[in-house]
Amino acid sequence: MWLRRAYYHWLLPAALVLPLWLVVGWAVFQAGAWVFLWVLFIAVPSVLVGQLVLTLLVRSRPSVREERAVSWADVAGFTVWHALTIAVGLFSEAWFVPILIGAIAAGIGMFWLSLWQLWRDARESGTRMMLRYGATSPSPGASERTDRADGPRVIVVDESRRGPRGD
């Protein structure tokens with residue numbers, strides 16, 4: 001459980017640390033001027049926005065908010081995506097393209113995994129709420145009837161401007 005909670009708290013700082021690592025990695029491993037432009041205008045914004053979107057998707061799930069811990073699938077997915085992002089920041093000429101493709105695929109996979117888990121959690125929490133408050137199947141246009149003898153009486157008054165004979 002401590003690992004899942006650690007990932008829960010790591011998600012927001014990761015949105016700043018991972019893009020910063022790409023810039024530091026470029027400087028340390030002397031990747032070149034063209035790579036710096038790629039890092040500055042494509043990689044850093046992509047990782048920053050991607051991590052923020054994933055953080056919002058994960059933290060908006062009812063189960064994550066309740067437990068303050070991510071799921072084991074999130075732990076596995078973020079581990080793969082963050083490890084590949086860190087590996088991209090090493091700027092190895094031989095492995096750069098395959099690692100970059102893997103990091104992109106892992107990021108897209110995490111997005112769909114997060115959406116799927118959010119959908120599943122929302123559906124389950126809606127079912128729990130309907131069971132808790134005694135709601136039955138919510139059909140559109142259905143309303144409660146008051147055909148009981150002890151129900152309220154309704155008096156309808158027609159206020160048309162017609163005369164007593166209907167003219």
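I began with the nonpolar patch, to which α5 gives the most, with 4 residues. Helices here are DSSP runs of H or I with at least four residues, numbered from the N terminus. This is a predicted model, where local features need pLDDT of at least 70, side-chain atom pairs count only at pLDDT 80 or more, and totals for chains, interfaces and linings use all residues. Residues are numbered from 1 along each chain as its sequence is written, and side-chain values use heavy atoms, with hydrogens and water left out.

I listed the patch members: V49, V53, I104, I108, F111 and W112, with about 560 Å² of accessible area together. Two or more of them come from each of α2 (33–59) and α5 (96–132). A patch takes residues with over 30% relative accessible area and no salt bridge, nonpolar side chains being joined within 5 Å; areas are Shrake-Rupley with a 1.4 Å probe. A salt bridge puts a Lys or Arg side-chain nitrogen within 4 Å of an Asp or Glu carboxyl oxygen.

Next I turned to the largest pocket, which holds about 380 Å³ of space. Of its 18 lining residues, S46, V47, W81, A103 and I104 are the closest to its centre. A pocket is an open set of points on a 1 Å grid where a 1.4 Å probe fits, with protein on both sides within 12 Å along at least five of seven lines; lining residues have an atom within 4 Å of a point. I noted that α2 gives the most to this lining, with 8 residues.

Technical notes: Patch = residues over 30% accessible without salt bridge, like charges linked within 9 Å, V, L, I, M, F, W, Y side chains within 5 Å. Points joined across faces, edges and corners; volume = space filled by probe spheres on them.
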